[in-house]
Amino acid sequence: MERVRELVHADAAHKMGYIGSGITVAVMDTGIVGHPDFSHRIVDFLDFTSKKKGMYDDNGHGTHVSGIIGGSGFLSHGRYVGMAPGCSLIMLKVLDRLGNGNTSQVLSALKWIINYREKYQIRILNISVGMLSSAKKEERSRLIAAVEEVWDNGIVVIAAAGNNGPASGSITIPGMCRSVITVGSSDDDIQTVRKPGLTKGYSGRGPTESCVVKPELLAPGTEVVSCSPGMSYEAKSGTSMATPVVAGAVTLLLSKYPYLTPAQVKLRLYETAVDMGKEKNVQGWGRIDVARLL
């Protein structure tokens, strides 16, 4: 995370005293463990796959994503600090150990978020998972409608663009939702992507089937070091890693301006993004810059 913080200027926000305190971020993923970097800030854990009660992560993806959002860097003595190390986290486990899930479990999790948004003061939902656009039309429509409803209930939804680039029209669901903030990787052109299945230019591209320009933003997503279930750290790559960078940045924004609506957050991200000189359906508005955002 040290490279990521430097690239997006998150350290500047931390020095100003903005660390995400008072903001709750919900994460839909593979689970989470009680890594020392989370301390007491995991306020709830829901397992929609096996209905287990205790926290666990049998894949590692969810713990890694959560660390990018809100890891404190305690175990690394401050080297691997997340974007918003003071925020609270809620994990909704919707994916199994292989990273697979089903639509009904995701829909149940989205409904739970709406029902409990006021109790936990949930302001942000991070979705670093995606369904291919080739999925059944009914499933796609139900998922998109449910995600849009979360947004309409005052929660900033930030979703991954998917790793099916560089082909055009390769944004995954729910990243293709019109209202949500869809995130791609700003560094997917790095040759040394070690994750199997990822190639140069892996970040999903627009446009969507409805001709909407996607993604909205880019953030670093290649070889990002964050928390692992083994009470250590590991590097992962993909738009799944870029998405929580933006979710963490929005957490910092809301800790400074708590009364911003999702639409106002989106506008501010648009106004402060750094143009990388790429096509709109590759970069959207550009790369996030936390110092400019705040």
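I searched the whole structure, which is a predicted model, for salt bridges, and the search returned seven. I looked up three of them one by one.

I took Arg-3 to begin with, and I found that it forms a salt bridge with Asp-187, with 3.2 Å between the closest N and O atoms. Arg-3 sits in helix H1 (residues 2-8) and Asp-187 in the loop between strand E6 (181-185) and strand E7 (217-219), so the pair ties together parts that are 184 residues apart in sequence. I then checked accessibility: Arg-3 is partly exposed at a relative accessible area of 31%, whereas Asp-187 is buried at 7%.

I went on to Arg-5, whose side chain meets that of Asp-11 in a salt bridge at 2.7 Å, N to O. Here I noted that Arg-5 counts as buried at 8% relative accessibility, while Asp-11 counts as partly exposed at 29%.

For Lys-214 and Glu-216 I recorded a salt bridge at 3.0 Å, N to O; Lys-214 is buried, with a relative accessible area of 0%, and Glu-216 is buried at 5%.

I turned next to helix H3 (residues 61-70) and helix H6 (residues 239-256), which pack at an angle of about 35 degrees with their axes 8 Å apart, in a crossing that is right-handed. Listing the contact, I found His-61, His-64, Val-65, Ile-68 and Ile-69 of H3 meeting Ser-240, Met-241, Pro-244, Val-245, Ala-247 and Gly-248 of H6. I sorted the residues of this contact into seven nonpolar, four polar and no charged.

Methods
Residues are numbered from 1 along each chain as its sequence is written. This is a predicted model: local features need pLDDT of at least 70, side-chain atom pairs count only at pLDDT 80 or more; totals for chains, interfaces and linings use all residues. Side-chain values use heavy atoms; hydrogens and water are left out. Axes are lines fitted to C-alpha atoms, for helices over the stretch in contact, and angles run from 0 to 180 degrees between N-to-C directions. Helices (H or I, at least four residues) and strands (E, at least two) are DSSP runs, numbered from the N terminus. A crossing is left-handed if the near helix is turned anticlockwise from the far one by less than a right angle, and right-handed if clockwise. Contact means heavy atoms within 4.5 Å. Ala, Val, Leu, Ile, Met, Phe, Trp, Tyr, Cys and Pro count as nonpolar, Asp, Glu, Lys and Arg as charged, and the others, Gly among them, as polar. A salt bridge is a side-chain nitrogen of Lys or Arg within 4 Å of a carboxyl oxygen of Asp or Glu. Buried means under 20% relative accessible area, exposed over 50%, partly exposed in between (1.4 Å probe, protein chains only).
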